[in-house]
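Visitor: I am new to this structure and would like to know what stands behind the words used for it. Please show it to me, and I will ask as we go.

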Amino acid sequence: MTHGNGTRDGGQLADVSALRPGGHAVVVGGGLAGVTAALALADAEVRVTLLEGRPRLGGLAFSFRRGGLTVDNGQHVYLRCCTAYRWFLERIGGAALAPVQERLDVPVVDLARPEGRRLGRLRRDALPVPLHLGRSLATYPHLSLAERASVGRAALALKRLDLADPALDTQDFGSWLAAHGQSARTVAALWDLVGVATLNAVAGDASLGLAAMVFKTGLLSDPGAADIGWARVPLGELHDRLARKELDSAGVRTEVRTRVTSIRVNENGGWSVQVPGETLEADAVVLAVPQREAHGLLPEGALDAPENLLEIGTAPILNIHVIYDRKVLATPFLTALGTPVQWVFDRTEASGLGEGQYLALSQSTAQNEIDEPVAALRERYLPELERLLPRARGAEVRDFFVTRERTATFAPAPGVGRLRPGARTKAPGLYLAGAWTATGWPATMESAVRSGVGAAGAALGALGRSRGLLPDFFEEAA
């Protein structure tokens with residue numbers, strides 16, 4: 001992408017204190033952040049054009065066809081506390097297609113234990129916080145009695161942390177856990193079980209601020225906050241087909257296979273967005289693309305330290321897909337200890353598979369495996385699945401394939417908080433959205449939707465439009 005200079009009068013951005021009411025907004029990027037921003041702006045009667053370089057919407061949460069199956073690029077889940085993503089599902093008419101389990105229940109299989117004693121569960125009771133997890137923790141077989149007691153003490157200390165304290169972002173979660181009596185086993189069998197899946201980092205590599213936010217919000221805010229939801233249909237059904245239908249209904253002009261090459265400010269304070277063969281004039285622009293792409297498009301002076309965007313690291317997620325000739329997993333999903341396998345999901349029905357079973361393995365923090373050949377991954381993971389799932393022994397593997405997201409999330413490393421920009425830039429009328437912006441959340445679908453609403457809200461204020469229709473979920477994380 002080329003870098004639009006967007007300057008005049010000696011390199012200064014046009015100083016426009018207010019944009020004319022109504023007007024036209026261009027949203028660059030058709031992931032969850034961009035789709036959310038476009039819908040929120042259109043709902044406030046702004047004319048919106050949404051531009052996406054790929055042939056589909058949905059960003060990194062999408063589906064594709066493989067033979068007769070519809071395959072998700074990776075398993076995505078959300079929690080009941082993800083109020084923004086739940087609003088998004090309602091807005092596109094997809095809530096019933098991605099329900100939340102009635103009550104948190106996570107089977108945890110430890111292959112290091114003897115057969116017959118490998119299964120534990122993390123589940124909640126219908127009791128107030130923190131008693132809702134008390135019985136589950138007291139009977140969790142993968143920790144000793146002393147380790148279980150230490151978890152309770154650490155959880156109470158975590159609950160006392162102030163998420164608004166910027167000092168939390170300078171520390172790593174692993175060191176904090178060690179200082180609060182958590183053994184390596186406790187970290188692996190409990191804290192990382194949740195943290196790796198939500199943060200895409202082990203505790204020692206994660207910001208205490210982001211980890212505390214995840215655990216306080218998910219486990220210590222409301223009894224049902226950590227109940228898990230996931231799509232029972234392909235992600236493309238939600239994030240592309242239903243999203244496109246709602247965008248069309250809202251009057252949004254949606255252009256896919258349309259890559260923006262530059263964004264620049266005009267003499268009158270408006271914006272010109274350049275795509276091949278066309279220049280779009282806009283009163284407001286929402287840049288809802290990954291951080292490196294955003295850096296390449298930002299006009300000069302739009303951020304005080306644009307180089308910060310290049311310092312936000314990325315982390316990969318590896319997804320392994322296995323199709324068996326028979327049913328080998330009896331639960332919708334499980335997670336595992338004592339094996340490279342992390343989370344296993346049954347995707348049989350969602351993919352359209354008629355017979356046998358389709359399992360998807362979601363492998364976060366996959367830095368060491370993301371570029372390994374399929375043959376090597378097959379040699380490693382098929383025996384592990386046989387260890388984990390006795391019914392897989394002797395079952396025929398009808399297909400084995402891999403999807404790789406090398407930059408699946410931003411890396412939630414200590415110090416990342418100071419690098420994440422807010423929705424507003426110093427260029428009037430230009431706003432940022434994306435899971436990597438300063439939402440307070442790690443790189444999740446929830447963070448993406450929150451960023452889209454935040455950017456739309458900032459734009460509506462400048463466009464002279466009411467923000468009354470925007471959902472109000474920004475205080476709920478506290």
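Visitor: What makes L210 count as buried or exposed?

Guide: The model is predicted, so local features need pLDDT of at least 70 and side-chain atom pairs count only at pLDDT 80 or more, while totals for chains, interfaces and linings use all residues. Residues are numbered from 1 along each chain as its sequence is written, and side-chain values use heavy atoms, with hydrogens and water left out. As for L210, its relative accessible area is 6%. Buried means under 20% relative accessible area, exposed over 50%, and partly exposed in between, with a 1.4 Å probe and protein chains only. L210 is therefore buried.

Visitor: Where is L210 placed, and which residues does L210 touch?

Guide: L210 is in helix 7, residues 208-219. Helices (H or I, at least four residues) and strands (E, at least two) are DSSP runs, numbered from the N terminus. Not counting residues up to four places away in sequence, L210 touches L199, F410, P412, V416, R420, G440, W441 and P442. Contact here means heavy atoms within 4.5 Å. L210 and W441 are 231 residues apart in sequence, yet their C-alpha atoms are 6.6 Å apart in space.

Visitor: Why is E246 called buried?

Guide: The relative accessible area of E246 is 19%, and the term buried applies under 20%, so E246 is buried. E246 sits in helix 8, residues 235-249. Its contacts, leaving aside neighbours within four places in sequence, are L39, R91 and I92.

Visitor: What makes P141 partly exposed?

Guide: P141 has a relative accessible area of 24%, which lies between the 20% and 50% limits, so P141 is partly exposed. P141 lies in the loop between helix 3 (134-138) and helix 4. Leaving aside neighbours within four places in sequence, P141 is in contact with R113, L119 and G120.

Visitor: How do you know that the crossing of helix 4 and helix 6 is right-handed?

Guide: A crossing is right-handed if the near helix is turned clockwise from the far one by less than a right angle, and left-handed if anticlockwise. Helix 4 (residues 145-159) and helix 6 (residues 184-199) have axes that come within 11 Å and cross at roughly 65 degrees. Axes are lines fitted to C-alpha atoms, for helices over the stretch in contact, and angles run from 0 to 180 degrees between N-to-C directions. The crossing of this pair is computed as right-handed. E147, V151, A154, A155 and L158 of helix 4 and R185, T186, L190 and W191 of helix 6 make the contact.

Visitor: What makes strand 15 mostly covered?

Guide: Five of the five residues of strand 15 (residues 333-337) are buried. F333, T335 and L337 point one way, and L334 and A336 the other way. In a regular strand the side chains alternate between the two faces of the sheet.

Visitor: How do you know which strands pair with strand 15?

Guide: Two strands pair if DSSP finds at least two bridges between them. Three bridges join strand 15 to strand 6 (residues 105-110), and these run parallel. Three bridges also join strand 15 to strand 16 (residues 343-346), and these run antiparallel. D110 stands opposite L337, and the bridge partner of L334 is V344.

Visitor: Why do strand 7 and strand 18 stand at the edges?

Guide: The open sheet has seven strands in the order 7-6-15-16-17-14-18, with mixed pairing. Strand 7 (119-123) and strand 18 (397-410) each have a single partner strand, so one side of each is left without a neighbour in the sheet. The twist averages 25 degrees from one strand to the next. Helix 6 lies across strand 6, strand 7, strand 15 and strand 16, at about 140 degrees to strand 15.

Visitor: Why does V260 count as buried?

Guide: Its relative accessibility is 3%, and buried means under 20%, so V260 is buried. V260 lies in the loop between strand 9 (253-255) and strand 10 (262-265). An unreviewed UniProt entry lists V260 for "binding site". UniProt positions are given in the numbering used here, feature names are shortened, and annotations may be inferred rather than shown by experiment.
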